[in-house]
Amino acid sequence: MTRRKLLKSICTLISLFWIAAISSPVVKFILSPLKNKNEGPKKYRLVHLSQLKINSPEQFNIVSDHRDAWMVTPNETVGRVWMTRTSEIAENPKETTIRVFSAVCPHLGCTIQSTSDKKSMVCPCHKGMFHLDGEPISNKKLGYKNPTPRSMDSLNYEIIKDEKSEEWWIEVEYQKFKLGPTTKTPLS
Ligand code: FES
């Protein structure tokens, strides 16, 4: 190799090194929405256990920073859940039973509501109907085909004691699921 060629190769290598060093953060920034897309389940403290009424479904908002491509909007409602306490508060509050469901309808994603008598749940978009335990109401009982492909999507929760206030809180693990399948499939 001639000296001139060697110098040229060294210059090319140095240039490539600098291009890689400069472009790396830019590439990371451009690809960040893809990376942030799959955030998975996240825990939210939603309500004091004592504030949850028995056998009466209540809706709670999931408030978090909303990430949309390169934009982050703080304190957005990113989801909704339905919660029902189904037993008296147990001596050991952790043993109190609660039902927690995502309010996202598994049919096409509208928000499920409670009926006015609070005895069942209804999706206003295509009249999907559910019992309070999240199971779909049968076509026979409805007199039409219930459009929901599956029951309401249950969510994991934990009843935890706040160290400072010593109050018992319900902490819900919120996540989204695929719309349409007959079985609950987390969005990944
Ligand atoms: S989106 Fe709920 S029934 Fe269609």
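I took helices (H or I, at least four residues) and strands (E, at least two) as DSSP runs, numbered from the N terminus. I worked on a predicted model, in which local features need pLDDT of at least 70, side-chain atom pairs count only at pLDDT 80 or more, and totals for chains, interfaces and linings use all residues. I numbered residues from 1 along each chain as its sequence is written.

**Entry 1: overall layout.** I found two helices and nine strands in the protein. Read from the N terminus, the elements follow the order α-β-β-β-β-β-β-β-α-β-β. I called a residue buried if 20 or more other C-beta atoms lie within 10 Å of its own, exposed if 12 or fewer, and partly exposed in between, with C-beta atoms placed from the backbone. By this criterion 18% of the 188 residues are buried. I counted two residues as in contact if their C-beta atoms, placed from the backbone, lie within 7 Å. Of the contacts with a separation of 6 or more, 46% join residues 24 or more positions apart.

**Entry 2: nonpolar core.** I defined a nonpolar core as a set of buried Ala, Val, Leu, Ile, Met, Phe, Trp, Tyr and Cys residues joined through C-beta atoms within 7 Å. The largest one holds 21 residues, and V81, W82, I112 and V172 have the most contacts inside it. At least two residues of this core come from each of β3 (71-85), β4 (98-102), β6 (121-123), β7 (128-130) and β9 (168-174). I then listed the contacts of W82 beyond four places in sequence: P57, Q59, F101, A103, I112 and M121.

**Entry 3: the sheet.** I treated two strands as paired if DSSP finds at least two bridges between them. Three strands make an open, antiparallel sheet in the order β5-β6-β7. Because β5 (113-114) and β7 are at the edges with a single partner strand each, one side of each has no neighbour in the sheet. Between β6 and β7 I noted three bridges in the antiparallel sense. M121 has F130 in β7 as its bridge partner.

**Entry 4: G134.** I located G134 in the loop between β7 and α2 (139-142). G134 counts as partly exposed, because it has 19 C-beta neighbours inside 10 Å. Its contacts beyond four places in sequence are R99, F101, S151, M152 and S154.

**Entry 5: W168.** I placed W168 in strand β9. W168 has 16 C-beta neighbours inside 10 Å and therefore counts as partly exposed. Beyond four places in sequence, W168 touches H48, L49, P93, I159 and K161. W168 and L49 are 119 residues apart in sequence, yet 5.6 Å apart from C-alpha to C-alpha.
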